[in-house]
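Me: I would like to learn how to read the main features of a model such as this one. Please give the general idea each time, then the case at hand.

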Amino acid sequence: MKQFDVPIQENGRMILPAELRRALGVGKGDRILIQAEGDRIEITTTQRARHRAQERFRALVPEGEPVVDTFLAEKRAEVAREDEEPRLRQDPKARVR
């Protein structure tokens, strides 16, 4: 692991060393993500963070799994249950089927 000693300027800005910018593949105008956990920070690019999230998702969902279709079916069922609740409160006999 490479370490860099980077001073914080008066206005809170810091300049990433050129070697670090090259390693991250970032330049002027690019966006980076800074994540803080306890007394540590992690700096990465938005592209790398997105790629990591996609890899984690792929590890959890089998290839060819219809994730969007499953999600939409679950949401439709949830909405149907929510729509039915007020009717059941108004007519308790409606529960018997």
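Reply: Start with burial: a residue counts as buried when its relative accessible area is under 20%. In this predicted model, buried residues make up 9% of the 97 residues in the protein.

Me: How many helices and strands are there, and in which pattern do they follow along the sequence?
Reply: Helices and strands are numbered from the N terminus. The protein has three helices and two strands, and their order along the sequence is α-β-β-α-α.

Me: In which element is the confidence lowest, and in which is it highest?
Reply: Confidence is given per residue as pLDDT, on a scale from 0 to 100. Here the average for the protein is 86, and 89% of the residues score at least 70. Among the elements, helix α3 (residues 67–90) has the lowest mean, 84, while strand β1 (residues 32–37) has the highest, 93.

Me: What share of the contacts with a separation of 6 or more joins residues 24 or more positions apart?
Reply: In this protein, such pairs account for 10% of the contacts with a separation of 6 or more.

Me: Let us turn to single residues. Is Thr 45 buried or exposed?
Reply: The relative accessible area is the value to check against the cut-off of 20%. Thr 45, in strand β2, has a relative accessible area of 3%, so Thr 45 is buried. Leaving aside neighbours within four places in sequence, Thr 45 is in contact with Leu 24, Val 26, Arg 31, Ile 32 and Leu 33.

Me: Which backbone atom does the side chain of Thr 45 reach?
Reply: The side chain of Thr 45 reaches the backbone nitrogen of Arg 48, at 3.0 Å.

Me: What is the relative accessible area of Thr 44, and which side chain does Thr 44 join in a polar contact?
Reply: Thr 44 also lies in strand β2. The relative accessible area of Thr 44 is 9%, so this residue is buried. A polar contact of 3.3 Å links the side chain of Thr 44 to that of Arg 52. Arg 52 is also on the contact list of Thr 44, together with Leu 24, Ile 32, Leu 33 and Ala 49, when neighbours within four places in sequence are left aside.

Me: Now the pockets. How much space lies in the largest pocket, and which residues lie nearest its centre?
Reply: Read the volume, then the lining. The largest pocket holds about 660 Å³. Its lining has 17 residues, with Lys 2, Arg 40, Ile 41, Glu 42 and Ile 43 nearest the centre. By class, the lining has nine nonpolar, three polar and five charged residues.

Me: Which element gives the most to the lining of the largest pocket?
Reply: Strand β2 does, with five residues. α1 (18–24), β1 and β2 (40–45) each supply at least two residues of that lining.

Me: What is the volume of the second largest pocket, and which residues line it?
Reply: The second largest pocket has a volume of about 230 Å³. Leu 16, Arg 21, Val 26, Gly 27, Lys 28, Gly 29, Asp 30, Arg 31 and Ile 32 form its lining. Three of these lining residues are nonpolar, two are polar and four are charged.

Definitions and conventions: Residues are numbered from 1 along each chain as its sequence is written. This is a predicted model: local features need pLDDT of at least 70, side-chain atom pairs count only at pLDDT 80 or more; totals for chains, interfaces and linings use all residues. Side-chain values use heavy atoms; hydrogens and water are left out. pLDDT is the predictor's confidence in each residue, from 0 to 100. Helices (H or I, at least four residues) and strands (E, at least two) are DSSP runs, numbered from the N terminus. On a 1 Å grid over the protein atoms alone, a cavity is a set of points where a 1.4 Å probe fits but cannot get out, and a pocket is an open set with protein on both sides within 12 Å along at least five of seven lines; lining residues have an atom within 4 Å of a point. Grid points are joined across faces, edges and corners, and a volume is the space filled by probe spheres set on the points. Ala, Val, Leu, Ile, Met, Phe, Trp, Tyr, Cys and Pro count as nonpolar, Asp, Glu, Lys and Arg as charged, and the others, Gly among them, as polar. Buried means under 20% relative accessible area, exposed over 50%, partly exposed in between (1.4 Å probe, protein chains only). A polar contact is a pair of N or O atoms within 3.5 Å; within protein, one must be able to donate a hydrogen and the other to accept it, and residues adjacent in sequence count only if both atoms are side-chain atoms. Contact means heavy atoms within 4.5 Å.
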